[in-house]
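This briefing goes through one protein chain, topic by topic. Look over the sequence and the model first, then read the points below.

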Amino acid sequence: MADFAADLAIWGPGGSAHGMVSLKAGQKYCRDLATTHYENFPVVSWLLPRELHQHFYNVYAYCRWSDDLADEIDETARSLELLDWWLGELQNCYAGSATHPVFVALAETIEQFDIPAEPFENLLSAFRQDQKVHEYATFEDLRDYCRRSADPVGRLVLYLCRSYNEQNVAWSDSVCTGLQLANFWQDVARDLDINRVYLPIEDCDRFGYSRDDLRNRVTNPAFLKLMAFEVDRARDFLTAGLPLVPALPGRLQMDIELFIRGGLKILDHVERIDYRVWETRPKVRKHEFISLLAGCVWRAFGRRVARLGR
């Protein structure tokens, strides 16, 4: 929080930074942000073609700032005000007048890969919703949120991979929603700490898990059955998107598969602790990441051999 508050004081509305930021400075800012912030998996792995590294950093920096404006601001009204400002900065970027270092760098990415504003705008729509909506009545309501909070990230990746088409988008959306759900079920306790509940009310009712049980973080048979159901549904989304992997070019296959396998591993961990996520937050360990990486490399090699043998 302290680092973001300092950045906001410098680069936010009325911040202390003045004048135009050079492209090189903007790129360095995005690169530093992407390589110093903790994520379950690296933003850019050695599998990703080097010429795409900076573009992934630029997109990540946009997403990171958007997320922090939603989650790291104490007052809802202030958060909404800043998200509106960020939308204005995005519009300035598309108008050719970017000044924030993220948008100075991102402008080059947008131009080179012909990325429309919609996925960036959809992300902001979801972050605004986070300030107003704290629980979801139905899974379809939650799915609509994922369409704007998660799916746009996959679509941006498809643009960067020059692999944007209708079928790939469908697979990508399934993967991204699955990853979002896996993150929700990993962070049930953390989300409740900030007054957000992503377990749909209709699912809680179906398994007899009351709102009082949820508020009191009760682990009972109803909760375990509810979590088992949610984990299976997230796993179905992730596995349904696996055909995207061989549809992508070259080494990008391994990077995307690594994210899918990582999401599946999180779900495996939730299952392994008997769905007791109130007490324990499941996490992918470094040795598991290495094992997942090795499996992705091996499968990619097998696909390459199979193609050459045709």
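Y159 is buried, because its relative accessible area is 16% (buried means under 20% relative accessible area, exposed over 50%, partly exposed in between, with a 1.4 Å probe and protein chains only). This is a predicted model, in which local features need pLDDT of at least 70, side-chain atom pairs count only at pLDDT 80 or more, and totals for chains, interfaces and linings use all residues. Residues are numbered from 1 along each chain as its sequence is written, and side-chain values use heavy atoms, with hydrogens and water left out.

**Aromatic pairs**

- Y159 and Y164 form a stacked aromatic pair, with 4.2 Å centre to centre and 20 degrees between the planes.
- Rings of Phe, Tyr and Trp (its six-membered ring) pair if their centres lie within 6.5 Å; planes under 30 degrees apart count as stacked, over 60 as edge-to-face and the rest as tilted.
- Y164 is partly exposed, with a relative accessible area of 36%.
- Y209 and F223 form a tilted pair, at 5.0 Å centre to centre and 40 degrees between the planes.
- Y209 lies in the loop between α11 (201-207) and α12 (211-215) and F223 lies in helix α13 (residues 221-240), so this pair ties together parts that are 14 residues apart in sequence.
- Both Y209 and F223 are buried.
- The count of aromatic pairs comes to 20 by this rule.

**Overall make-up**

- The protein chain has 16 helices and zero strands; helices (H or I, at least four residues) and strands (E, at least two) are DSSP runs, numbered from the N terminus.
- Of the 310 residues in the chain, 54% are buried.
- Take the contacts (heavy atoms within 4.5 Å) between residues at least 6 apart in sequence: 70% of them join residues at least 24 apart.

**The largest nonpolar core**

- A nonpolar core is a set of buried Ala, Val, Leu, Ile, Met, Phe, Trp, Tyr and Cys residues joined through side-chain atoms within 4.5 Å.
- The largest one has 88 residues, and Y62, W65, W185 and L199 have the most contacts inside it.
- Helix α3 (residues 50-71) supplies the largest share of this core, eleven residues.
- The core lies between domain 1 (22-121) and domain 2 (133-309), because both give residues to it; the domain bounds come from an automatic or database domain assignment.
- Not counting residues up to four places away in sequence, W65 touches F4, D7, L8, W11, Y29, L33, W85, W86, H100 and V102.
- W65 also belongs to one aromatic cluster with F4, Y62, W85, W86, F103 and F120.

**Helix α6**

- Helix α6 (residues 118-132) has 15 residues and reaches 21 Å from its first C-alpha to its last, close to the 21 Å expected at 1.5 Å a residue; the expected span is 1.5 Å times one less than the number of residues.
- Its buried residues include P119, F120, L123 and L124.
- The buried residues of α6 pack against α3, α4 (76-94), α5 (101-113), α7 (139-149) and α8 (151-160).

**Two residues of helix α9**

- Q186 is in helix α9 (residues 166-186) and counts as buried, at 1% relative accessibility.
- A polar atom of the Q186 side chain lies 2.8 Å from the backbone oxygen of P282.
- S172, also in helix α9, is buried, with a relative accessible area of 3%.
- Leaving aside neighbours within four places in sequence, S172 is in contact with G154, R155, L158 and L244.

Key
A polar contact is a pair of N or O atoms within 3.5 Å; within protein, one must be able to donate a hydrogen and the other to accept it, and residues adjacent in sequence count only if both atoms are side-chain atoms.
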